[in-house]
Amino acid sequence: MPRSAEPREAEDSEPRKPEPAPKRKLPLRRRIDVAKRARDRGESYETPGGKWMPQREQRPPCTDGCRLKCSQRLSSKDRLEIFQTFWSIADHAAQWNFIARNMRVTPKEKCTTVRGESRRSFTRTYYFQPRTNREQVCKTMFLNTLGISNAWVATVCKKLTLNGFVSDDGRGKIGHRRKKLVELV
Ligand SMILES: [Zn+2]
C-alpha cells in the first residue's frame, strides 16, 4: 500500500518543535552594552539602530609592489596571531593603546600649503612586533592585518597629538558610547 502523500500525517506523527519565544527587545542601555562588548571582541553585533554589523575579518596583506616589502617579514601566521591578539583584548580603550604602541606619530619637517598650515602635518609610522624584532609595516598592512578602518588610527593619532597619550574616553556615558558605536560603523 503506497503511503499517503498527504504531508499532514507525517507532520502530526513528529513531535512538535516548541514555538520560539517571541523576541523581546532589550532596553536601550542593555542593547548598547551587548553591542559594545561584541564589537570590542570583533564579533558581529546589532547596533542600537537595528543594523547588523559583520564580524571582524582580516584583510589581505599589501601587495608585492609595497616598498617596505612587508609580506617578506610578516608571515600569514604572524598576521593571524597579531589579529587574534588584538581582538582578544576586547576593550576599546586598550585596543587604542595597542595601536598607539605600534604607531609613531612625528611632525613633518616642512608642511605648508597654499592656504597656510596643512592639516596633514604629522607622519604616521606603523609597526608590528611578531617576534623579538619590531618590524615597520605600511599602512595597508597595518590596517588589513588588524581588520580595522582608517578611522581607528585617525582617532589614536588625534589622541596622541592632542594629549600625548591615549586616554579612556567617556566610558560609561551612554550618549558618548552611542556616538562611538556610530563612529565605528
Ligand atoms: Zn606593505
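Reader: Which residues is Tyr 126 in contact with, leaving aside its neighbours within four places in sequence?
Author: Asn 102, Met 103, Gln 136, Val 137, Cys 138, Lys 139 and Phe 142. Contact here means that the C-beta atoms, placed from the backbone, lie within 7 Å. Mind you, this is a predicted model: local features need pLDDT of at least 70, side-chain atom pairs count only at pLDDT 80 or more, and totals for chains, interfaces and linings use all residues. Numbering starts from 1 along each chain as its sequence is written.

Reader: What makes S3 and S7 edge strands?
Author: Strands are DSSP runs of E, at least two residues long, and helices are runs of H or I with at least four, both numbered from the N terminus. Two strands pair if DSSP finds at least two bridges between them. S3 and S6 (residues 122-128) have 5 bridges, in the antiparallel sense, so they pass that test. The open sheet runs S3-S6-S7. S3 (103-107) and S7 (135-137) each have a single partner strand, so one side of each lacks a neighbour in the sheet.

Reader: How do you know which residues of H5 are buried?
Author: Buried takes 20 or more other C-beta atoms within 10 Å of a residue's own, those atoms being placed from the backbone; 12 or fewer is exposed, and in between is partly exposed. In H5 (residues 92-101), Gln 95, Trp 96 and Ile 99 count as buried. They span an arc (taken over the directions from the helix axis to the C-beta atoms) of only 105 degrees, so they sit on the same side of H5.

Reader: What do the buried residues of H5 pack against?
Author: H4, S3 and H7 (150-163).

Key. Contact = placed C-beta atoms within 7 Å.
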